[in-house]
Amino acid sequence: MFRLYSLFALVDLALIVIALIDCLSAEEYAIRALPRGIWVLLILLFSPIGPIVWFVAGRPPRPVQLSNGTVWRPGSGFPENQRPARSGPVAPDDDPEFLRGLAASRKEDEQLLKSWESDLRRREEELRRRESGFKSGDDEA
């Protein structure tokens, strides 16, 4: 039984030492979730949970080797000189072809509206003539 407790104590001590060395050697900007000082306290005070949490949630993410041979670090984004070029306009109002289509569509809509208005005026005029014709016809009878 004593050997088992000794083994657990040795594993716990190894976890604490490895986690502390890893935490103290990591760059401050790369540490996730909490500041370095709080991670050190968590590792020391909450053993063995603190070191395990450090390895899961606090350790800086590893760089990823892409298939084209480049290295990508999570959260690093693209440097300006390596940013992918955009193939076309981003927004519709930046696209001259789209704006030309809007102007043509607007002209068509205005012409359609004018023809509807003239048709409505013509129908109203016909309706007035009919009504005035019925009224004058009613007076004669």
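Guide: Two residues are in contact when they have heavy atoms within 4.5 Å of each other, and helices (H or I, at least four residues) and strands (E, at least two) are DSSP runs numbered from the N terminus. This is a predicted model, in which local features need pLDDT of at least 70 and side-chain atom pairs count only at pLDDT 80 or more, while totals for chains, interfaces and linings use all residues. Residues are numbered from 1 along each chain as its sequence is written, and side-chain values use heavy atoms, with hydrogens and water left out.

Visitor: What makes up the secondary structure of the protein chain?

Guide: Four helices and two strands. From the N terminus on, their order is α-α-α-β-β-α.

Visitor: How do you know how the length of H1 compares with the expected span?

Guide: The expected span is 1.5 Å times one less than the number of residues. H1 has 24 residues, and its first and last C-alpha are 34 Å apart, close to the expected 34 Å.

Visitor: Why is Asp-22 called buried?

Guide: Buried means under 20% relative accessible area (exposed is over 50%, partly exposed is in between; the probe is 1.4 Å and only protein chains count). Asp-22 has 18%, so it is buried. Asp-22 sits in helix H1, and beyond its neighbours within four places in sequence it is in contact with Trp-54, Phe-55 and Arg-59. Ile-16, Ala-19, Leu-20 and Cys-23 are also buried in H1. The buried residues of H1 pack against H2 and H3.

Visitor: What makes the phi of Ala-33 worth a look?

Guide: Most residues other than glycine have a negative phi, and most peptide bonds are trans. Ala-33 is not a glycine, yet its phi is positive, near 75 degrees. For the peptide bond, look at Ser-47 to Pro-48, which is cis, with omega near 0 degrees. Pro-48 is in the loop between H2 and H3.

Visitor: How do you know which way H1 and H2 run relative to each other?

Guide: Axes are lines fitted to C-alpha atoms, for helices over the stretch in contact, and angles between N-to-C directions run from 0 to 180 degrees. Under 35 degrees counts as roughly parallel, over 145 as roughly antiparallel, 65 to 115 as roughly perpendicular, and the rest as oblique. The axes of H1 and H2 cross at roughly 175 degrees and come within 10 Å, so H1 and H2 are roughly antiparallel. Ile-16, Ala-19, Leu-20, Cys-23, Leu-24 and Ser-25 of H1 make this contact with Arg-36, Trp-39, Val-40, Ile-43 and Leu-44 of H2. By class, that gives nine nonpolar, one polar and one charged residues (nonpolar: Ala, Val, Leu, Ile, Met, Phe, Trp, Tyr, Cys and Pro; charged: Asp, Glu, Lys and Arg; polar: the others, Gly among them).

Visitor: And what are H2 and H3 called, by the angle between them?

Guide: H2 and H3 pack at about 140 degrees, with their axes 7 Å apart, so they are oblique to each other. Trp-39, Leu-42 and Ile-43 of H2 meet Gly-50, Pro-51, Val-53, Trp-54, Ala-57 and Gly-58 of H3. These residues divide into seven nonpolar, two polar and no charged.

Visitor: How do you know where on H2 the buried residues lie?

Guide: The buried residues of H2 are Arg-36, Trp-39, Val-40 and Ile-43. Their arc, taken from the directions from the helix axis to the C-beta atoms, is only 100 degrees, so they are on the same side of H2. H1 and H3 are among what covers them.

Visitor: What makes the buried residues of H3 line one face?

Guide: Residues Gly-50, Pro-51, Trp-54 and Gly-58 are the buried ones of H3. Seen down the axis of H3, they fall within an arc of 100 degrees, so they line one face. They pack against H1 and H2, while Ile-49 and Val-56 are exposed on the other side of H3.
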